[in-house]
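Subject: Structure for you to look at

Hello,

Here is the structure I said I would pass on. Please open it and keep it beside this message while you read.

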Amino acid sequence: MTSSFPEQSRTAWAPAPPPQCPAHARPGGTDGLARLFGPEAAEDPMGLYERLRARHGSVAPVLLDGDLPAWLVLGYREILEVAGTPARFSRDSRNWRWFREGRVPPDSPLLPMIAWQPVCLFLDGEERSRLRLAVTDSLERFNRRGIRRHITRFTHQLIDGFAERGEADLAEEFCEHLPMLVLTQLLGMPDEYGPRLVAASRDMVAGTETSVASNAFIVETLTELVRRKRGSHGHDVTSWLIEHSSGLTDEEVWNHLRVILIAANETTVNLLKSTLRMVLTDPRCHASLAGGQMTLPDVVEQVLWSEPPLMTIPGRWAAVATEVGGQKIEAGDMLLLALAAGNHDPAVRPDPSVPLLGNRSHLAFSSGPQECPGQNIGRAIADTGIDTLLARLPDVRLSIPEDQLRWKSGWMTRHLTSLPVAFTAPRSAGSAAPAGPGPALAETERHQGSWPDGGVAPAAEPAVPLSSVVSLPVPARRRRTGWWNSLKAWLRG
């Protein structure tokens, strides 16, 4: 757990809400208010959002885990208003009245995502500008070709792990791993930490009972990374944050690495799953891709409108008593931004079935001064990874009816639990595989437990057991001969 989490004793927590909080915005206190933690929200979050919109309008009172009250901002314009006016709606979570009054339990699953940290997400004014500049500059130092090279390499490695079977679960064996593998490269970490960080980050964002412990594992891993990079800089985000003229402390560096790691992985995993599902199941998408009327990046943008990777983000705390969407907001109230609901607001999108080609005004990456600075990395992982997969497996198809696909929802996210597919296995399956481990696997084993600069990685284990993490198969890549080289060889012969 980060050292910046508020110190509170269990005895300080009391279930009674303070006066004038959102839970008291309707007669009867918490009775009848929707809970964002619970079966109703998990089963059909979009349906819940629309019911709240019909009942309360563009801003609705809701309850979080432990019946902590908050406001859920559902309207597109209202989300822009809240995100774009920091004088009224602060990013500093220490303004939340429940923190000030010691009413948030120390083991609350909300803490890893909302407890104040020294990062730009929780700051206003000049200090926020200083830190955000360091993050933006560091992420922009990567050239697009270099990122795509990492994406293509890891995509082939993952496909090699299941190509010979002629079937796979793309959610589990591809989407869950590709973003974190790429991110470990961008941050300057060893490849083998990808699977562990996948499990820990997903557990943390879901808000499970082990989310605080999963966050502790991530923090320890990143703290060790920063310590090593202080003595051995490289061509990576960690080194660039350390070197930046903004003068970040070690705590500020690893806290921002944590934000990049969690936000980029979670959003890109969900984006990959939703885009692949659309490519495999939506006849309009399939026909458009085949006919050249819609590029894969167009499909990605359509998914960002219809199924944004983060359904809801915690995000603002009222700095003053104010009003938004017809609701009176008291100073210290928390506001959550329902990005998915905003993207489906009938006021700006009356017909969700109409494609929005070329329109990037969605809220998938938030909006305004807090818009995600790494969004283009997520887009690159999605369109390059899927494009490479479709080139390797051109006849890939869903192996179960679409209505049998299952989803899992948390208070912030909704994602596919599986995406089973079938395809034609390579003709030479099994005939060209060497007996021993291939170069990729040998390289991974050589660096097992070490950082790229030769140091020893931390011995900490993730909060979730490693047995629950899908192991990363990295068999040897078989050399493939291009059709042009084959043709030239045939002509010479």
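This is a predicted model: local features need pLDDT of at least 70, side-chain atom pairs count only at pLDDT 80 or more; totals for chains, interfaces and linings use all residues.

The mean pLDDT of the chain is 79, and 78% of the residues reach 70 or more. Confidence is highest in strand β5 (residues 167–169), at 98, and lowest in helix α18 (residues 439–446), at a mean of 35. Two stretches call for care. Over residues 1–20 the pLDDT stays under 50, and the model has 57 contacts beyond four places in sequence for them. Residues 429–493 are also below 50, with 83 contacts in the model beyond near neighbours in sequence.

Next, the salt bridges. The count is 22. One of them joins the side chains of Arg53 and Asp345, at 3.8 Å from N to O. Arg53 is in helix α2 (residues 45–56) and Asp345 is in the loop between α16 (339–343) and α17 (375–392), so this pair ties together parts that are 292 residues apart in sequence. Arg53 is buried, at a relative accessible area of 14%, and Asp345 is buried at 9%. Glu50 belongs to a network of salt bridges with Arg53 and Asp345.

A second salt bridge links Arg227 and Glu224, at 2.6 Å from N to O. Both residues lie in helix α11 (residues 211–231), three residues apart, so about one helical turn separates them. Arg227 is partly exposed, at 49%, whereas Glu224 counts as buried, at 15%.

Asp395 is partly exposed at 30% relative accessibility, and Arg397 is partly exposed at 42%.

What does the side chain of Asp333 make polar contacts with? One partner is the side chain of Trp71, at 3.0 Å, and another is the side chain of Arg97, at 3.1 Å. Asp333 sits in the loop between β8 (327–329) and β9 (334–337), and is buried because its relative accessible area, 2%, is under 20%.

Lys408 is in strand β11 (residues 407–409). Between Lys408 and Glu43 there are 365 residues in sequence, but 7.9 Å in space from C-alpha to C-alpha. Setting aside neighbours within four places in sequence, Lys408 is in contact with Thr413, Arg414, His415 and Thr417.

Last, the cysteines. The count of disulfides is zero. Cys120 is buried, with a relative accessible area of 8%, and Cys175 is buried at 0%.

Regards

Definitions and conventions: Residues are numbered from 1 along each chain as its sequence is written. Side-chain values use heavy atoms; hydrogens and water are left out. pLDDT is the predictor's confidence in each residue, from 0 to 100. Helices (H or I, at least four residues) and strands (E, at least two) are DSSP runs, numbered from the N terminus. Contact means heavy atoms within 4.5 Å. A disulfide is a pair of cysteine sulfur atoms within 2.5 Å. Buried means under 20% relative accessible area, exposed over 50%, partly exposed in between (1.4 Å probe, protein chains only). A polar contact is a pair of N or O atoms within 3.5 Å; within protein, one must be able to donate a hydrogen and the other to accept it, and residues adjacent in sequence count only if both atoms are side-chain atoms. A salt bridge is a side-chain nitrogen of Lys or Arg within 4 Å of a carboxyl oxygen of Asp or Glu.
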